Amino acid sequence: MADTETFEDKVIELKRTAKTYKGGKRFRFSALVVVGDRQGRVGLGLGKAKEVPLAVAKGTNIAKKNLKKIPLINGTIPHEIIGRHGASQVLLKPAMSGTGVIAGSAVRAIAELAGITDILTKVLGSPNTANVAYATIEGLLALDTKESVKELRGE
């Protein structure tokens with residue numbers, strides 16, 4: 001990736017965990033970060049560290065390394081699809097121009113940073129934020145374009 005490209009990042013979830021030692025509790029933080037260029041490229045990363053800024057920085061770097069291209073048609077997705085991860089499922093439906101992003105927090109962040117302006121979504125199954133985010137990415141990566149379907153058919 002070239003450093004001249006501009007990416008926006010957004011923290012989807014920030015968690016604090018504790019481990020108990022003889023002298024007390026030690027805290028660690030995990031940050032789920034989404035990175036996108038609003039042009040059809042989006043990535044998701046989970047960073048863990050002893051301090052919040054370090055966890056966010058690690059998550060951002062991991063997300064930039066995991067950037068994927070999403071097929072878009074006039075600001076929406078080509079067809080309806082269900083993304084699955086763990087016990088979470090996310091239904092993604094294309095929407096008419098002017099509809100906007102109808103989605104929950106994790107799905108909304110990913111859709112907006114991917115450059116999707118019109119989409120209808122519904123979280124099915126477990127509402128676990130991390131699994132919902134990963135299910136959304138899985139669904140977006142499974143999208144097919146007309147060209148890829150023609151190629152598979154041998155047309």
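The chain contains 4 helices and 8 strands, where helices are DSSP runs of H or I with at least four residues and strands are runs of E with at least two, numbered from the N terminus. The model is predicted, so that local features need pLDDT of at least 70 and side-chain atom pairs count only at pLDDT 80 or more, whereas totals for chains, interfaces and linings use all residues. Residues are numbered from 1 along each chain as its sequence is written, and side-chain values use heavy atoms, with hydrogens and water left out. Along the sequence the elements follow the pattern β-β-β-α-β-β-β-β-α-β-α-α, and the C-alpha atoms fill a box of roughly 65 × 40 × 35 Å along the principal axes.

The structure holds 3 salt bridges, each defined as a side-chain nitrogen of Lys or Arg within 4 Å of a carboxyl oxygen of Asp or Glu. One of them joins the side chains of Glu 8 and Arg 38, with an N to O distance of 2.7 Å. This pair links distant parts of the chain, since Glu 8 belongs to strand S1 and Arg 38 to the loop between S2 and strand S3 (41-49), 30 residues apart.

Arg 16 lies over the face of Phe 27, at 4.1 Å from the ring centre, while the charged end of Arg 26 sits over the ring of Tyr 21, 4.2 Å from its centre.

Arg 26 also belongs to a positive surface patch, together with Lys 15, Lys 19, Arg 28, Lys 48, Lys 50 and Lys 58; patch residues have over 30% relative accessible area and no salt bridge, with like charges joined within 9 Å. Strand S1 (8-21) and strand S2 (24-36) each supply at least two residues of this patch.

Key
Lys NZ or Arg CZ within 6 Å of the ring centre and 35° of its normal. Patch = residues over 30% accessible without salt bridge, like charges linked within 9 Å, V, L, I, M, F, W, Y side chains within 5 Å. Areas by Shrake-Rupley, 256 points an atom, 1.4 Å probe, with all protein chains shown as cover. Lys, Arg positive; Asp, Glu negative; His and termini not counted. Charge placed at Lys NZ, Arg CZ, Asp CG, Glu CD.
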